[in-house]
Each structure stands twice: as structure tokens, then as C-alpha cells.
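Open the model in a viewer and keep the selection tool at hand. Each stop below says what to select and what is there.

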Amino acid sequence: MENFELEDAVKEVMDGILPKKSRKIYEAQYDTFVKWCCQRKLENVNEDVLLVFFAEKSKTLSSSTLWAHYSMLKTMLNVKRNIDVGKFYKLSAFLKRKSEGYKPKKAKVLTLDQIDKFLLEAPDKDFLMIKVALIFGVADACRGKELHQLTISDITDMDHALIVNVRNTKNNVDLNFIINNSNKNGIDLIEECRKYMALRKPETTHSRFFVRYEKSQCTVKAIGKNTFGKIPQKVAEYLNLPNSTLYTGHCFRRTSASLLADSGASIDKSASVAEGYIENSINTKKIVADSIFGLGVGNSTESASAHQVSGSAVSASSASSTSSKNNIVQNTIDGANRLLNIVNCSNVNIHVNINTNNKDL
């Protein structure tokens with residue numbers, strides 16, 4: 001292989017290191033740094049140059065933003081110039097010092113009572129679309145971008161439940177969640193969603209699920225991405241909550257996590273390999289949906305951090321053992337697609353193990 005061919009091959013591989021979804025942001029940050037260097041006629045990049053660069057930025061940017069810019073520039077300098085910024089210890093010490101005493105602003109969360117009050121009292125003629133966005137957003141801690149990208153083919157009506165597929169997530173894993181058929185406090189979550197779906201105009205030419213809603217009617221225009229970031233604030237304003245501007249686009253994600261934690265259910269997603277399996281388990285999704293919207297699982301705890309079936313060939317018989325000391329039920333099930341139901345339990349740890357080497361999974 002000629003030298004120029006090798007260089008092109010290396011460049012192609014290195015360019016693939018950049019995350020596809022935020023590539024432009026990374027490149028823009030690098031361009032800003034290059035322009036800054038050009039203005040000061042700095043040709044070589046070293047630790048002192050970066051110290052001065054970030055010192056100037058620290059006058060106007062928060063600590064969290066500085067770290068974000070540092071991370072992007074660190075990657076770009078490694079890709080473009082083969083410079084390992086991770087070895088610039090004075091720079092990292094400077095950024096850590098700037099982080100001292102910094103308290104990041106967090107989006108406020110909605111309580112279950114506040115969600116129920118809004119769904120019950122807010123008039124559909126003005127707020128039906130916002131109600132559906134609230135239900136979807138809290139049901140699976142959806143980002144605004146994920147709600148914006150939902151299409152009509154991503155929603156499946158199963159009579160007793162709605163199954164919603166979320167594609168092209170931030171972590172590049174397709175997920176799904178469930179809206180259960182329930183009438184808690186007189187609120188039927190599925191019917192709220194169906195009312196909105198039924199108003200979709202036949203002449204709508206695009207496939208986006210969320211369309212604008214005005215005067216009890218849907219229009220043909222899709223809702224813009226930035227609109228979803230303002231929906232939590234509209235909910236807060238209707239409920240006359242103080243500091244409504246703090247109910248930002250992250251509100252639904254934080255609310256979902258808070259409600260799930262308060263319900264007593266804990267879904268441990270620490271194992272990234274297992275996440276794809278666990279997230280698409282319908283049974284798990286029903287548990288999550290019930291827990292978030294207060295239909296809950298009582299004191300039961302589901303631990304789905306390690307879903308692994310031992311060995312490529314599992315024992316043909318199912319064996320179970322119970323430890324009275326730890327209240328743990330352990331099962332070995334014959335096959336990967338078995339469903340295990342445990343009812344009338346409290347303080348239960350469920351460990352389901354998956355061997356990703358099993359080709360049948």
C-alpha cells in the first residue's frame with residue numbers, strides 16, 4: 001500500500017471516531033479553536049495554548065459547558081493533529097478548580113398528583129396534544145428529539161395497550177415503551193392518546209406522529225423539535241406552579257426517573273450489553289409503565305442489570321431455589337423466550353442472566 005493510500009485509510013478510520021449525530025458540533029468547536037489560534041498567530045498547539053484558550057472561555061461559560069467544550073476539543077485534536085490532550089494535567093486541574101462550588105441548574109420535576117391534575121382538568125380543546133406529549137414523555141423518559149421523530153408507524157394499538165417504538169435514540173439503540181389501559185383516578189391514558197390519533201387529517205402528507213393542534217383540531221403541520229422543549233413549561237403554567245421557566249425540556253426525563261424511584265421499582269440498566277434485551281421486554285415495560293403512573297408494583301424491586309442465560313445449551317428442566325434469609329428466588333429456565341411471573345411478593349430481587357454468545361437470543 002502506497003503512503004498516500006495509507007494516509008487516506010487512516011483518515012477515514014479516524015473520521016469514523018466522531019459521533020455521527022454530533023459531528024457538526026465537534027467540528028464547529030474545533031473550527032472555533034483554530035480561528036482563535038489564527039487570530040493570535042499561534043501555529044503550535046500545546047498545553048499553554050489550551051490553558052489560555054479555556055481561561056478566556058471561563059469568563060463567560062459555566063463549568064459544565066467548559067467541560068463539554070474540553071471533551072469535544074480533546075477528541076478533535078486527537079483526530080486532526082494526533083495530540084493527546086488527556087496528558088495536559090495542568091489544563092484538567094484548571095477545569096476542576098473552575099468546577100468547585102458550581103451547582104448545575106436542573107429542570108424541575110412534576111409530581112404524580114400534578115400530572116393527574118393536568119390530565120383531568122386541562123381542557124382537551126386547548127391541551128390534548130400537550131397531554132399526549134406528557135404521557136409519552138414521562139412513560140419512557142423521552143427526549144424532545146425522540147418525541148419529534150416519532151412516526152405513526154411507531155405506535156401500535158393492541159386494544160389493551162399502546163406499544164410505542166422509539167428509534168434512533170441518543171445511544172443508537174431502538175427502544176419501546178407501553179401505555180397501559182387503565183382508569184386510575186378516572187384517567188384513561190390510552191383513550192387520551194386515541195382521541196388525538198383519531199383527529200389526524202387524512203390529507204397529512206408526512207408520517208410524523210405529533211402534528212399541531214388548534215381549536216380542537218389537528219392540522220397537517222408537524223410539530224417542530226424546539227416546541228417539545230417548551231411543553232413542560234406550558235403544563236407548569238396551567239397548574240400555576242412557581243418558577244415555571246425551570247420546567248425545561250429535561251423535565252419529562254427527570255420526572256419519569258423520579259416517579260419510577262418513588263414507586264419502589266428499580267430497573268438497573270448498568271450493563272450496556274443487556275440493555276437492548278431488557279428495554280424491549282414487554283413484560284418489563286408493563287411494570288415500568290404501571291410504576292411511573294402510580295398503578296404500581298408495591299414494594300417489589302426488579303433488578304434487570306444482568307440478563308444472561310448460562311451456556312449455549314440450557315438445561316431442559318426448570319429448577320428454582322428460594323433463600324429465606326435474603327428473600328431471593330433464583331430460576332434456571334429452559335430457553336431464552338420464557339416468561340416468569342411472580343405475584344403477591346414484596347422486596348423481591350429478580351436476576352435474569354443472558355449470555356450474548358447464544359445465537360438463539
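The tour of this predicted model goes from a sheet to the cores and then to the aromatic rings.

**The sheet**

Select strands S1, S2 and S3. These three strands make an open antiparallel sheet, in the order S1-S2-S3. Strand S1 (155-157) and strand S3 (175-180) are the edges, each pairing on one side only. On average, neighbouring strands here are turned by 20° against each other, direction ignored.

In soluble globular proteins, nonpolar side chains tend to be buried together. Select Leu110, Phe118, Met129, Phe136, Ile179, Tyr196 and Phe210, the residues with the most contacts inside the largest nonpolar core, which has 46 residues. Elements giving two or more residues to this core include helix H6 (112-121), helix H9 (189-198), helix H10 (225-238) and helix H11 (251-263), as well as H7, S2 and S3. The largest share, eleven residues, comes from H7.

Which residues is leucine 110 in contact with, leaving aside its neighbours within four places in sequence? They are Ile115, Leu134, Val235, Leu241, Tyr247, Cys251, Phe252, Thr255 and Leu259.

Then move to Met76, Leu77, Val79 and Phe88. They are among the 24 residues of a second, separate core.

**The aromatic rings**

Show the rings of Phe, Tyr and Trp; the structure holds 17 aromatic pairs. Start with phenylalanine 118 and phenylalanine 127, whose ring centres are 5.7 Å apart; their planes are at 80°, so the pair is edge-to-face. Both phenylalanine 118 and phenylalanine 127 are buried.

Next select phenylalanine 136 and phenylalanine 209. Their planes are at 10° and their centres 5.4 Å apart, so this pair is stacked. The pair links distant parts of the chain, 73 residues apart: phenylalanine 136 lies in helix H7, and phenylalanine 209 in the loop between H9 and S4. Phenylalanine 136 and phenylalanine 209 are both buried.

With Phe136 and Phe209 they form one aromatic cluster.

Terms used
Residues numbered from 1 in each chain as written. Predicted model: local features only at pLDDT ≥ 70, side-chain atom pairs only at ≥ 80, totals over all residues. Heavy atoms only, no water. Pairing = 2+ DSSP bridges. Helix = DSSP H or I, 4+ residues; strand = E, 2+ residues; numbered from the N terminus. Axes fitted to C-alpha atoms, helices over the stretch in contact; angles between N-to-C directions. Core = buried A, V, L, I, M, F, W, Y, C linked by side-chain atoms within 4.5 Å. Buried < 20%, exposed > 50% of the residue type's maximum accessible area, 1.4 Å probe, protein only. Contact = heavy atoms within 4.5 Å. Phe/Tyr/Trp six-rings, centres within 6.5 Å; stacked < 30°, edge-to-face > 60°.
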